[in-house]
Every structure is written in C-alpha cells, then in structure tokens.
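Here is my note on the side-chain contacts. Please read it with the model open beside you.

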Amino acid sequence: MALILRQACVADIPSIYRGEQDYIRRWEPDHEDAWRLQLERHLTRWVENFDRLTVAIKDNQFAGYSLWVPEQDCAELCTINVSQICRRNGIGRTLLDAYAATAKQRGFTRLSLSVHPDNPAGLMYERAGFICMGTGSHGYLRYERPS
Ligand SMILES: CC(C)(COP(=O)(O)OP(=O)(O)OC[C@H]1O[C@@H](n2cnc3c(N)ncnc32)[C@H](O)[C@@H]1OP(=O)(O)O)[C@@H](O)C(=O)NCCC(=O)NCCS
C-alpha cells in the first residue's frame, strides 16, 4: 500500500511520544531524566506547531513523523523519526522532502537542522543536499540547505 503523509492529529501523540522517547534513549540516554522533566515544554512545542507536525502512514499503520518550526529566517527541522520496523524504505527521505517543500511554499528560503555526530541520519541529510556548517550546541552538527 502507498505511503501517505498527513498532518498529525491528536490520536498520533502517543506514537510521537514513544518515538521521541526511543530517540532520547538511543542518542542521549544521559538526558532522559531532563527530557522527561521538560515534557510539558515539549508538548507545548508540538501543540503550538501542530500544523508543521507531519505523520507518515504505511499500510494503515503509523510509520513516522517530522516536525519543523520557524527559527528566524530558517525552517528548522526539530525532529524526524521513522518506526524501527519501517526504516530504510525511503520514509525518512519522503518526510524530509515534504518538510523542504512545505517550508518553501511558506516562504522559507533556508532549511536548518542539528544531528548527533554519530547518528547515521547525517548521511540522509547529506544525500539530500544539506551541508555541514560546523558544530553547534551540545556537540551536535549543524546542517543547512536552501529550501
Ligand atoms: C534517521 C531516520 C529518520 C531515517 O529514516 P529512514 O526511513 O530509515 O531513511 P530512508 O530509508 O529514507 O534513508 C534515506 C537514505 O539515508 C541514508 N540512511 C538512512 N539511515 C541510514 C543508516 N542507518 N545508515 C546509513 N545510511 C542511512 C541512506 O543513504 C538512505 O538511502 P539508502 O537506504 O538508499 O541507502 C531513521 O533512522 C530514524 O528514525 N532514526 C531515529 C531517529 C533519529 O535519529 N532521527 C534523526 C534525528 S537528527
């Protein structure tokens, strides 16, 4: 069945929460407690940017999501996540392309994001034309690209 991208709905929040939790446990285990303490702030961010929270549905199942926010003149990708069993099937790249297209439609000329230096997601960004601009906060690599 075809992959469908749609705007998130409230019923997606538990799956998104689990995706964020998996990410923290994998890439920032030392920060899980702090992340949990700031859950209310994260929820506020998801709700305030709900129209930029996109969900991927594959075979009628939740398969992933992405969220971007305006950050000065850039459209900043805050999170992109594909369910483990669905990875390496092009869903991440489809979400990434959709984010770029939507940001462009909404007048943003630059895209930006941060990635943990060991995270292979960096390869996906590089294949999509993102350029590493250096190291930002917490040792994360900063990437940018025109939209
Ligand atoms: C990063 C992530 C979203 C990629 O999703 P995905 O659906 O597996 O990605 P795609 O199948 O679209 O991959 C596109 C390309 O990116 C690269 N890529 C993606 N994951 C990769 C990996 N684990 N190792 C090496 N290259 C990878 C490959 O070039 C891939 O193309 P290919 O499969 O034809 O070789 C997914 O691994 C994920 O959810 N990770 C956990 C959350 C996370 O780390 N998010 C990024 C935060 S910055």
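The points below cover salt bridges, ring pairs and charges over rings.

1. Ground rules. This is a predicted model, where local features need pLDDT of at least 70, side-chain atom pairs count only at pLDDT 80 or more, and totals for chains, interfaces and linings use all residues. Residues are numbered from 1 along each chain as its sequence is written, and side-chain values use heavy atoms, with hydrogens and water left out.

2. Salt bridges. Side chains of opposite charge can pair when their charged atoms come close. A salt bridge here is a side-chain nitrogen of Lys or Arg within 4 Å of a carboxyl oxygen of Asp or Glu. The structure holds seven of them.

3. R106 and D51. These side chains form a salt bridge, 3.2 Å from N to O. R106 lies in the loop between α4 (91-105) and β5 (110-115), and D51 in the loop between α3 (39-48) and β2 (53-58), so the pair ties together parts 55 residues apart in sequence. Helices (H or I, at least four residues) and strands (E, at least two) are DSSP runs, numbered from the N terminus. R106 is partly exposed at 40% relative accessible area. D51 is partly exposed too, at 37%. The cut-offs are under 20% relative accessible area for buried, over 50% for exposed, and partly exposed in between (1.4 Å probe, protein chains only).

4. R93 and D97. This salt bridge has its closest N and O atoms 2.9 Å apart. Both residues lie in helix α4, four residues apart, about one turn of the helix.

5. R110 and E144. Their closest N and O atoms are 3.0 Å apart in a salt bridge. R110 lies in strand β5 and E144 in strand β7 (residues 141-146), so the pair ties together parts 34 residues apart in sequence.

6. Aromatic pairs. The structure holds six. Rings of Phe, Tyr and Trp (its six-membered ring) pair if their centres lie within 6.5 Å; planes under 30 degrees apart are stacked, over 60 edge-to-face, and the rest tilted. The ring centres of Y17 and W35 are 5.8 Å apart and the planes are at 25 degrees, so this pair is stacked. W35 is buried at 8% relative accessibility, while Y17 is partly exposed at 24%.

7. Around W68. Ring pairs link W68, Y99 and F108 into a cluster. Both W68 and F108 are buried. R52 lies over the face of W68, 5.3 Å from the ring centre. A charge counts as over a ring if NZ of Lys or CZ of Arg is within 6 Å of the ring centre and within 35 degrees of the ring normal.
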